[in-house]
Amino acid sequence: MTSITDFAASLGTSATGTSTKKSDSLGQADFLRLMTEQLQHQDPLNPMQNSEFLGQLAQFSTVQGIQGLQTSMDGFNSSLATDQMLRGAALVGRDVLVPSAKMSLGSEGSISGVVAAPDAGTVTFDITDANGQSVRKLTVSADKAGEAAFEWDGKDEAGNRLPSGTYGVSATYGSGEEKKTLSTYVEARVQSVTVGSDGVFLDLPGLGTAPLDYVLRIR
């Protein structure tokens with residue numbers, strides 16, 4: 001018995017044998033035409049069983065459902081991209097807290113950030129210049145495990161205001177053999193937003209770009 005697959009292979013050929021351009025996908029009309037051709041050309045001595053007919057209908061319904069689901073997903077992805085753009089645009093000009101080992105110092109003002117202290121104790125911050133030379137050390141007492149905030153006024157140990165630029169920052173908890181290195185989180189102002197295939201990225205002057213998912217706090 002000739003199957004629908006056999007008829008599908010002959011759709012692109014006319015009665016004269018000339019190849020004609022067809023759509024890459026089969027629609028409902030094409031399926032019904034194939035089904036009709038199959039019924040007309042079935043073997044009278046071995047006719048198509050009802051179960052086969054119903055099985056092919058079920059297959060076509062499944063394909064239609066998958067195509068509809070794909071269309072819905074495409075629309076959802078488009079809406080999600082638009083939503084991400086709007087979320088990102090709302091952050092332009094705001095200060096965000098992101099994980100970073102760098103800080104951008106302006107001509108005036110200070111820089112603040114936080115670390116997660118493992119317990120009560122002392123956290124030491126070491127601020128370095130572009131050459132990796134230490135320019136200032138700060139100590140913060142943590143009363144308990146959790147967030148410990150720090151703020152740098154942009155001055156060196158002698159109280160002189162340092163030039164604008166990017167500075168490094170590292171943090172350690174405790175001393176001696178129990179000293180632990182902590183991850184630092186700094187505040188930076190969002191200058192612009194970029195939407196790419198991997199999501200929304202924030203442009204932070206002096207720090208580069210950071211994914212929107214990295215933002216821990218908005219101020």
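The entries below go from the whole chain to single residues.

**Ground rules.** I am working with a predicted model, where local features need pLDDT of at least 70, side-chain atom pairs count only at pLDDT 80 or more, and totals for chains, interfaces and linings use all residues. Residues are numbered from 1 along each chain as its sequence is written, and side-chain values use heavy atoms, with hydrogens and water left out.

**Whole chain.** I counted secondary structure and found three helices and 13 strands. Here helices (H or I, at least four residues) and strands (E, at least two) are DSSP runs, numbered from the N terminus. Of the 219 residues, 27% are buried; that means under 20% relative accessible area, while exposed is over 50% and partly exposed lies in between (1.4 Å probe, protein chains only). I then looked at contacts (heavy atoms within 4.5 Å). Among those with a separation of 6 or more, 62% join residues 24 or more positions apart.

**Sheet.** I traced an open sheet of five strands, in the order S6-S3-S9-S1-S13, with antiparallel pairing. S6 and S13 (217-218) are its edge strands, each pairing on one side only. Two strands count as paired if DSSP finds at least two bridges between them. S1 (residues 95-99) and S13 have two bridges and run antiparallel. In this pair, Val 96 has Ile 218 of S13 as its bridge partner.

**Hairpin.** Next I checked S11 (residues 199-204) and S12 (residues 208-211), which are antiparallel and joined by four bridges. Phe 201 is opposite Pro 211 in S12. The hairpin has three residues between its strands, and Gly 206 has a positive phi near 85°.

**Thr 184.** I asked why Thr 184 counts as buried. It does so because its relative accessibility is 7%. Thr 184 belongs to strand S9 (residues 184-189). Its side chain comes to 2.6 Å from the backbone oxygen of Ser 100. Beyond neighbours within four places in sequence, Thr 184 has contacts that include Val 98, Val 114 and Val 169.

**Aromatic pairs.** How many aromatic pairs does a search of the whole structure find? I got two. Rings of Phe, Tyr and Trp (its six-membered ring) pair if their centres lie within 6.5 Å; planes under 30 degrees apart are stacked, over 60 edge-to-face, and the rest tilted. Trp 152 and Tyr 167 form an edge-to-face pair, 5.2 Å centre to centre with 70° between the planes. Trp 152 sits in S6 (residues 146-152) and Tyr 167 in S7 (residues 165-173), 15 residues apart. Both Trp 152 and Tyr 167 are buried.

Definitions and conventions. Polar contact = N/O pair within 3.5 Å; in protein donor to acceptor, adjacent residues only side chain to side chain.
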